[in-house]
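This report is meant to be read with the structure open beside it, one section at a time. Please look at the sequence and the model below before going on.

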Amino acid sequence: MGPGVVVTGLTLGALAVVSLLAFQANGAQDRTEATRPSASPTASSSGPSAPATPTASATPTAPALPTGSGSGLRIVYSVGSHYVWLVDPKKNPQVVATFAVTPGSVEPTPGSYPVYSRTATTTGTDGRQIEHVVRFAQQNGVVFGFSAAMDGATPTTDPKAKTGGIRSGRPEGQLIWDFAPNGTKVVVIA
């Protein structure tokens with residue numbers, strides 16, 4: 001097999017993965033639109049992969065899983081791009097879902113952490129009712145975890161408050177909840 005055949009095969013494989021991710025992101029948008037409460041005239045949408053996230057970039061497809069993001073069953077969170085990947089090496093493709101999130105005012109230090117606590121519903125530090133809280137780290141008095149606001153809102157981060165809540169849309173919050181029982185690995189990357 002010549003080098004041209006290998007390059008062509010790799011290119012076709014990459015295009016197939018990108019197409020699949022775009023299809024999944026489009027389906028996530030359709031599900032989110034169907035479950036989102038009526039938006040006010042000032043509400044904004046940032047793109048197909050995270051309609052309730054005003055700070056996310058409007059990209060047509062989610063970025064590929066970064067290299068160096070660990071191995072095995074895991075959630076990968078990038079503090080640089082504010083994306084989450086749910087990775088299950090037993091599935092094909094291994095990336096089960098990927099979506100943009102909105103971080104709190106403080107980011108967790110890159111590393112690997114186990115999910116240690118889950119709460120179905122509670123009140124967030126911003127006073128909103130939240131659901132599907134999946135906590136994975138505590139640093140300098142700040143608790144880090146994923147959650148979704150029950151009203152679908154993604155709050156503007158108050159830089160004066162030290163919060164580690166990483167918010168997603170409600171459908172994505174359900175995905176994390178279903179994917180990550182206690183002990184699931186969360187890999188935080190730069």
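## Overall make-up

The model described here is predicted. The protein chain contains two helices and nine strands, and, read from the N terminus on, its elements follow the order α-β-β-β-β-β-β-β-β-α-β. Of the 190 residues in the chain, 39% count as buried.

Among the contacts in the protein chain with a separation of 6 or more, 52% are made by residues 24 or more positions apart. The chain exposes about 9900 Å², and carbon and sulfur atoms supply 59% of that area.

## The five-stranded sheet

Five strands form an open sheet with mixed pairing, and their order is β3-β2-β1-β9-β4. The edge strands of this sheet are β3 and β4 (residues 111-114), each of which pairs on one side only. From one strand to the next, the twist averages 20 degrees.

Strand β2 (residues 83-87) and strand β3 run antiparallel and are joined by five bridges; to see one place where they meet, look for Val 84, whose bridge partner in β3 is Phe 99. Helix α2 packs on this sheet, where it touches β1 (residues 74-78), β2 and β3, and its direction makes about 140 degrees with that of β3.

## Thr 98 in strand β3

Thr 98 is found in strand β3, which covers residues 95-100. Is this residue buried or exposed? Its relative accessible area is 14%, and because buried means under 20%, Thr 98 counts as buried.

## The four-stranded sheet

A second open sheet is formed by four strands in the order β5-β6-β7-β8, again with mixed pairing. Strands β5 (residues 117-123) and β8 stand at the edges with a single partner strand each, so one side of each is left without a neighbour in the sheet. Here the twist averages 30 degrees from one strand to the next.

Within this sheet, strand β6 (residues 129-139) and strand β7 (residues 142-149) run antiparallel and are joined by seven bridges, and Gln 138 stands opposite Val 143 in β7. Helix α2 (residues 170-179) lies across β5, β6, β7 and β8, and runs at about 55 degrees to β6.

## Ser 168 in strand β8

Ser 168 lies in strand β8, which covers residues 164-168. With a relative accessible area of 5%, Ser 168 is buried, and a polar atom of its side chain lies 3.1 Å from the backbone nitrogen of Gly 173.

Which residues does Ser 168 touch, not counting residues up to four places away in sequence? They are Phe 99, Val 101, Ser 147, Ala 148, Ala 149 and Gly 173.

## Salt bridges

How many salt bridges does a search of the whole structure find? The search finds four. Asp 126 forms a salt bridge with Arg 128, with the closest N and O atoms 4.0 Å apart; Asp 126 is partly exposed, at a relative accessible area of 35%, and Arg 128 is also partly exposed, at 30%. The side chain of Arg 128 meets that of Asp 151 in a salt bridge as well, at 2.4 Å from N to O. Asp 151 lies in the loop between β7 and β8, whereas Arg 128 lies in the loop between β5 and β6, so this pair ties together parts that are 23 residues apart in sequence. Asp 151 counts as partly exposed, at 38% relative accessibility, and a network of salt bridges links Asp 126, Arg 128, Asp 151 and Arg 167.

Glu 131 forms a salt bridge with Arg 170, and the closest N and O atoms of this pair are 2.6 Å apart. Because Glu 131 lies in strand β6 and Arg 170 in helix α2, the pair ties together parts that are 39 residues apart in sequence. Glu 131 counts as buried, at 8% relative accessibility, whereas Arg 170 counts as partly exposed, at 33%.

Terms used. Residues are numbered from 1 along each chain as its sequence is written. This is a predicted model: local features need pLDDT of at least 70, side-chain atom pairs count only at pLDDT 80 or more; totals for chains, interfaces and linings use all residues. Side-chain values use heavy atoms; hydrogens and water are left out. Buried means under 20% relative accessible area, exposed over 50%, partly exposed in between (1.4 Å probe, protein chains only). A polar contact is a pair of N or O atoms within 3.5 Å; within protein, one must be able to donate a hydrogen and the other to accept it, and residues adjacent in sequence count only if both atoms are side-chain atoms. Contact means heavy atoms within 4.5 Å. Two strands pair if DSSP finds at least two bridges between them. Axes are lines fitted to C-alpha atoms, for helices over the stretch in contact, and angles run from 0 to 180 degrees between N-to-C directions. Accessible areas come from the Shrake-Rupley method with a 1.4 Å probe; for residues, only the protein chains shown count as cover.
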